[in-house]
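Colleague: I'd like to learn how to read charged pairs and surface patches in a model. Can you walk me through it?

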Amino acid sequence: MIFAPISDYLQKEYTMKGNKMTTVIVNYSFPKKMSRSETLERFKQAAETFVGMDGLNSKQFIYDELSGKCFSVYNWESREKAEALFNDDFIDDFERIVGTTPTFKMHDCLVMVDNRADDVVVWE
């Protein structure tokens, strides 16, 4: 398969320099297994916390009903913005609210495709 340049597919392409766009993946399980609908309600309540959050490009709430495992995927405009949330207070608050200890890892995100906005963001 041969791929055409990004610009052939999309109207907008942004090249960013400086701060590194950062993706954080959080893994956890609720203390007791919940149904998909129970989990959805918890996620909808939690989503309100992230609307308009400074530096947060997007956040996905992911649930594997078979295993009961949850994942949250955050995309931040910079590592600095991500580190402002993911600190010791985050772990303490998560344990208090959710009832379990999450694990998380930060990654540099080099390219982000956003089909809803019809754009591609490239960090150099």
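Predicted model: local features only at pLDDT ≥ 70, side-chain atom pairs only at ≥ 80, totals over all residues.

Colleague: What do the side chains of Lys 44 and Glu 41 form where they meet?

Modeller: The idea is to look for a side-chain nitrogen of Lys or Arg within 4 Å of a carboxyl oxygen of Asp or Glu. Here Lys 44 and Glu 41 make a salt bridge, at 3.1 Å from N to O.

Colleague: Is Lys 44 buried or exposed, or something in between? And what about Glu 41?

Modeller: Buried means under 20% relative accessible area and exposed means over 50%, with partly exposed in between. Lys 44 has 46% relative accessibility, so it counts as partly exposed. Glu 41 is partly exposed too, because its relative accessible area is 40%.

Colleague: Got it. How many salt bridges does that rule give?

Modeller: The count comes to 6. Another one joins Glu 83 to Arg 79, with the closest N and O atoms 3.4 Å apart. Both residues sit in helix H3 (residues 79-85), 4 residues apart, again about one turn of the helix. Glu 83, at 42% relative accessibility, counts as partly exposed, and so does Arg 79, with a relative accessible area of 32%.

Colleague: Which residue does Lys 20 form a salt bridge with?

Modeller: Its partner is Asp 108, and the closest N and O atoms are 3.6 Å apart. This pair links distant parts of the chain, 88 residues apart: Lys 20 is in the loop between strand S1 (12-16) and strand S2 (22-29), while Asp 108 is in strand S5 (residues 103-108). Asp 108 has 40% relative accessibility, which means that it counts as partly exposed.

Colleague: Which residues are linked in a network of salt bridges?

Modeller: Lys 20, Arg 79, Glu 83 and Asp 108 are linked that way. So when you look at the helix H3 pair, Glu 83 and Arg 79, follow the network on to Lys 20 and Asp 108 as well.

Colleague: Why does Val 113 count as exposed?

Modeller: Exposed means over 50%, and Val 113 counts as exposed because its relative accessibility is 53%.

Conventions. Residues numbered from 1 in each chain as written. Heavy atoms only, no water. Buried < 20%, exposed > 50% of the residue type's maximum accessible area, 1.4 Å probe, protein only. Helix = DSSP H or I, 4+ residues; strand = E, 2+ residues; numbered from the N terminus.
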